[in-house]
Amino acid sequence: WAWNPDCSTLQDLVELPRSQVAVLGGDLAYPNPSYESYESRLFRPFEDAFPPPPWYSSAYVAVNKPDLPPGMDSLKSYSGPQCFAIPGNHDWFDGLDTFLRKICHKGWLGGWLLPQQNSYFALALPHGWWVFALDLALPEDIDMHQLKYFSKVAKERVGPDDAVIIVTHQPMWLQYWYFNPEKVERPDCNLMYLIRHKLGARARVWLAGDLHFYLRHTAARFPPCAHPGSPNTPKGVPYFNRSQSFFHPSRGPAPLPEHLVVCGGGGAFLHPTHAFETFKHAARGKPYECSAAFPSFQTSRMLAYFLLPLFREHNWRFDFIGGILYFLLSCSLFPVCNLTEQFTAGSVLGNLAVLPGIYYQMVLRAFSEGALSPLCFLGLIGAAVAFVGEPHKLSSGHRVLLGTVHAAAHTAMALVLMLVLELFLDLCVANKVLGRAGIGGLWNATLAKQQGSIADLAGIASWLEYWTFGVYPHVVKYICTVFDLPEVMAATRQTICTAGWAAVPRSESILYNVAVLVYYWVLCTPVVSWIFGVYLYHCINWLSVHFDEAFCALRIPHYKSFLRLRVTPRGALEVFAIGVRKVPRKWVHSAQSGKKAAYTSPSKWVPAAGQPGQEGACEEAELVDYFRVEKLLANPPSTPSKAECN
């Protein structure tokens with residue numbers, strides 16, 4: 001739906017043609033800016049959607065840009081679509097080398113002409129609208145070269161009644177607010193100096209990506225007829241002309257633009273919108289309110305619930321770290337002897353009442369007698385506190401408390417699981433299920449079986465023993481020992497409990513620790529992943545921290561979005577935010593499917609059968625937000641007219 005430009009009413013569906021200019025907001029190849037990633041993740045998809053001209057070669061380097069089609073001598077004579085791009089933080093990981101080679105030194109991106117020769121640019125749009133696309137690089141600020149360039153364009157080219165759309169890769173207003181709010185007021189911030197002092201009220205819209213969702217904040221508006229001296233105007237508030245006006249150029253340095261838009265819906269995974277739900281004020285205390293979010297705050301908060309059951313499924317590699325960490329936390333306590341002798345009560349409840357005392361004694365032993373467990377616990381606390389990071393909403397004390405509680409939960413559960421394993425082994429030994437045959441029990445049983453019913457008629461065993469110089473039986477004995485790990489644990493455990501560690505040979509001691517690690521690792525890996533998922537869930541839903549880590553672990557590929565901008569004949573800017581709630585996961589070549597994609601035509605790829613968009617794809621794409629921005633007058637009337645108030 002769109003607003004009728006002649007009156008403030010909704011009209012029928014508006015057909016948006018293919019854009020004349022496409023602007024890519026950074027992170028063109030994720031996560032690494034290599035030649036292969038640019039080719040497979042950027043150029044190939046664009047070429048599949050819109051092939052380049054037949055005469056174009058991908059090996060060609062555009063020395064003199066623009067690389068116009070034959071017969072054209074200037075960019076003004078070219079009427080086809082053009083594409084511009086700025087680098088993101090991931091594009092800077094190699095010092096911007098790949099971006100310069102693939103964007104600034106290439107002539108075409110698919111069927112889109114690439115005229116730009118630098119990582120930043122200014123575009124003049126119809127009816128006095130401009131695009132200032134800035135390269136924030138890794139310092140998250142523009143350098144002096146960009147400041148001079150954009151200041152010169154703002155002074156010499158941008159008129160007093162013109163309007164500017166600022167494009168950056170990162171939404172600095174959210175990042176400043178979340179991580180470092182005092183940086184907005186820094187006098188040496190070139191980006192803020194350009195917006196406030198060089199552009200002022202002409203900066204109407206700020207577009208950014210980096211965060212993988214759609215979120216728009218709009219400056220809080222005052223009554224349309226508020227003016228200096230009017231009782232409707234708060235004291236110290238500049239004059240507002242109509243409901244769309246925010247700050248007039250004649251009133252001094254301006255705050256941030258009226259509309260702050262994050263549209264990073266093309267990211268690899270979804271970020272939570274509700275982590276930024278409490279954002280209300282930007283620079284200099286100017287109030288902002290959320291106008292649209294995709295997904296909504298409620299939906300985003302509900303998606304965080306999947307951290308509880310799905311964290312381990314999506315992050316199974318975490319099992320390797322978690323299992324070894326738990327073993328290091330509890331290895332000083334192995335073995336715990338004579339556990340079953342402490343359960344003397346005649347009822348189940350009575351025996352369960354003994355467990356807290358046993359657990360308390362284990363904790364005291366771990367931190368008084370053990371050496372490795374306390375060191376691992378202190379290291380885990382330091383890592384957990386450092387993992388919390390430094391968002392401004394958590395003080396240093398709260399970060400230490402949160403990290404300590406997280407580390408204590410893992411340590412407590414590691415000791416609980418160790419107690420469960422030791423209690424199981426002690427019960428097996430007490431009931432003579434394990435510990436009777438000894439470490440070589442399986443090997444002795446194999447020899448007895450071989451000498452009894454399985455005779456070596458061909459003499460193979462004797463032949464192998466002869467030609468391996470007697471090594472063969474020792475190898476078989478070791479293999480039998482490895483495959484009989486429960487018996488190894490039980491027998492070695494009995495020896496340690498009876499005569500101490502000194503009575504156990506080094507080889508058997510190593511084999512015992514390996515056996516404990518294997519079974520203990522299998523026991524604790526589901527628990528460590530679940531605790532970590534619970535930690536991330538509570539942090540993102542209750543404290544609004546770890547937004548990147550929490551949803552990166554979920555790997556949600558859905559809720560994609562992008563923007564379409566249109567300048568109306570009357571000089572207003574219309575912004576359409578288009579989103580797809582669920583995207584296909586499997587694709588097939590259009591020639592194989594025999595069908596044409598509904599919303600990706602003329603793409604070579606279409607969703608596979610049973611995937612979203614395969615049938616009725618137009619219903620999958622929806623308009624998630626729409627807003628209209630009017631240009632401001634440089635010299636507004638001091639008092640609105642009566643007709644304007646009415």
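A: Strand β13, residues 573–580, pairs with β16 in the antiparallel sense, over eight bridges. Strands here are DSSP runs of E with at least two residues, and helices are runs of H or I with at least four residues, both numbered from the N terminus. Two strands count as paired if DSSP finds at least two bridges between them. The model is a predicted one, in which local features need pLDDT of at least 70, side-chain atom pairs count only at pLDDT 80 or more, and totals for chains, interfaces and linings use all residues. Residues are numbered from 1 along each chain as its sequence is written, and side-chain values use heavy atoms, with hydrogens and water left out.

Within this pairing, Glu 574 has Arg 628 of β16 as its bridge partner. The pair belongs to an open sheet of three strands, ordered β12-β13-β16, with antiparallel pairing. The edges are taken by β12 (560–567) and β16 (621–629); each has a single partner strand, so one side of each is left without a neighbour in the sheet. On average, neighbouring strands of this sheet are turned by 20 degrees against each other, direction ignored. The axes behind such angles are lines fitted to C-alpha atoms, for helices over the stretch in contact, and angles run from 0 to 180 degrees between N-to-C directions.

Elsewhere in the chain, another open sheet has seven strands in the order β5-β6-β7-β8-β10-β9-β11, and its pairing is mixed. Its edge strands are β5 (121–124) and β11 (288–294), each pairing on one side only.
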